[in-house]
Amino acid sequence: MTLLYIVAATLIGGVLSVVIAASMTFAALGKLVKHLVSLSTGVLLATALLHVLPEAFESQKASPHALFTTLLLGLLFFFLLEKAELYRHAHHHEGDGHEHHHHFDAEQAGRGGFSVLVGDSIHNFCDGIIIAAAFLVSPELGVTTSLAVILHEIPQEVGDTIVLINAGFSRRKALLYNAASGLTAVVGGVLGYFVVGAWYEVFPYLLVVASSSFIYVAVADLIPQMQRHLPWREILAQVAWIGAGLLLVLSATRLMHD
């Protein structure tokens, strides 16, 4: 049953965002991304700091010092991965109204389409392993971790669709390739179930690595996108969407514990 949950969660995470992207016009995609960035920020921070990290530290299978060291190493790892342009690529959305400058501007988009897909596949594969590890700890943790991943995947995949269309892909091909990339999360989830399942003592470390991923994306990538001079109405909207993300995770966590 646990494997079924993992497959379902990774499949939803890999396909749902593509379905949402397919249902909207190009203009609507650009408008939606900025709100989903704020929502994702709240969800990622709440999941990492209020659910996943406490679960790891309460497991008593590792010392706090070792877990904090893992958190530090995880943050550095994702920083280096971003430097290699295999992680950050999908978080810079061409055409979403933000001023991005990390090699995905219009004149370079034609050369970057397949790089986006390769990096996204690696990212989704890692997400699948993280979801598998969370479900193996508990169904509750699996669901909230999947929620964080899925809500983060939606703006990411919508942004990827915009980048691929700018890169010269037809809308149909962009959605098809994005869906195929999303399915690598299922591969990661199944592999994680069989490979990680026998090593329960490493779960706290895996959860901390997952948290470091969530925290890094929120703090190093999503929040800087929102740090622009904006009218008060848009600032309040950002705060409201972040708050909605926090409440979503807190409500889901309380409901599952009850």
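Here is a short chat about the confidence, core, helices and aromatic pairs of this predicted model.

User: Hi! How confident is the predictor in this protein on average?

Analyst: This is a predicted model, and the protein averages a pLDDT of 76, with 75% of the residues scoring at least 70.

User: Which helices have the lowest and the highest confidence?

Analyst: Helix α4 (residues 106-137) is lowest, at a mean of 70, whereas helix α7 (residues 184-196) is highest, at 88.

User: And where does pLDDT stay under 50?

Analyst: That is residues 90-112, for which the model has 47 contacts beyond four places in sequence. Where pLDDT is low, the predicted coordinates should not be read in detail.

User: Got it. Let's talk about the core. How many residues does the largest nonpolar core have?

Analyst: The largest nonpolar core has 33 residues, and those with the most contacts inside it are Val-43, Leu-44, Leu-207, Val-208 and Phe-214. Two or more residues come from each of α1 (2-22), α2 (26-58), α3 (64-83), α4, α5 and α8 (203-226).

User: Which helix gives the most to this core?

Analyst: That would be α2, with 10 residues.

User: What does Leu-207 touch?

Analyst: Leaving out residues up to four places away in sequence, Leu-207 touches Val-52, Glu-55, Ala-56, Ala-134, Val-137 and Leu-141.

User: I also clicked on Thr-145. Is Thr-145 buried or exposed?

Analyst: Thr-145 counts as buried because its relative accessible area is 1%, under the 20% cut-off. Thr-145 sits in helix α5 (residues 139-166).

User: What's around Thr-145, then?

Analyst: Again leaving out residues up to four places away in sequence, Thr-145 is in touch with Thr-47, Val-52, Ile-130, Ala-134 and Phe-214.

User: Switching to α6. What span should α6 have, and how far apart are its ends?

Analyst: Helix α6 (residues 171-182) has 12 residues, so at 1.5 Å a residue it should span 16 Å; its end C-alpha atoms are 16 Å apart, which agrees.

User: Which residues of α6 are buried?

Analyst: In α6, the buried residues are Ala-174, Leu-175, Asn-178, Ser-181 and Gly-182. They cover an arc of only 125° around the axis, so they are on the same side of α6. The face turned away from that buried side carries the exposed residues Arg-172 and Leu-176.

User: What about α7: which residues are buried there?

Analyst: Those are Ala-185, Val-186, Gly-188, Gly-189, Gly-192 and Val-196. Seen down the axis, the buried residues of α7 fall within an arc of 160°, so they line one face of the helix. Val-187 and Phe-194 are exposed on the other side of α7.

User: And what about the span of α7?

Analyst: The 13 residues of α7 should span 18 Å at 1.5 Å a residue, and its end C-alpha atoms are 17 Å apart, which agrees.

User: Last topic: how many aromatic pairs does the structure hold?

Analyst: The structure holds four aromatic pairs. One of them is Phe-57 with Phe-68, which is tilted, at 5.0 Å centre to centre and 55° between the planes. This pair links distant parts of the chain, with Phe-57 in helix α2 and Phe-68 in helix α3, 11 residues apart.

User: How accessible are Phe-57 and Phe-68?

Analyst: Phe-57 counts as partly exposed at 28% relative accessibility, whereas Phe-68 is exposed, with a relative accessible area of 51%.

User: What kind of pair do Phe-77 and Phe-78 form?

Analyst: Phe-77 and Phe-78 form an edge-to-face pair, 5.2 Å centre to centre with 75° between the planes. Phe-77 is partly exposed at 46% relative accessibility, while Phe-78 is buried, with a relative accessible area of 6%.

Technical notes:
Residues are numbered from 1 along each chain as its sequence is written. This is a predicted model: local features need pLDDT of at least 70, side-chain atom pairs count only at pLDDT 80 or more; totals for chains, interfaces and linings use all residues. Side-chain values use heavy atoms; hydrogens and water are left out. pLDDT is the predictor's confidence in each residue, from 0 to 100. Helices (H or I, at least four residues) and strands (E, at least two) are DSSP runs, numbered from the N terminus. Contact means heavy atoms within 4.5 Å. Buried means under 20% relative accessible area, exposed over 50%, partly exposed in between (1.4 Å probe, protein chains only). The expected span of a helix is 1.5 Å times one less than its number of residues. The arc is that of the directions from the helix axis to the C-beta atoms. A nonpolar core is a set of buried Ala, Val, Leu, Ile, Met, Phe, Trp, Tyr and Cys residues joined through side-chain atoms within 4.5 Å. Rings of Phe, Tyr and Trp (its six-membered ring) pair if their centres lie within 6.5 Å; planes under 30 degrees apart count as stacked, over 60 as edge-to-face and the rest as tilted.
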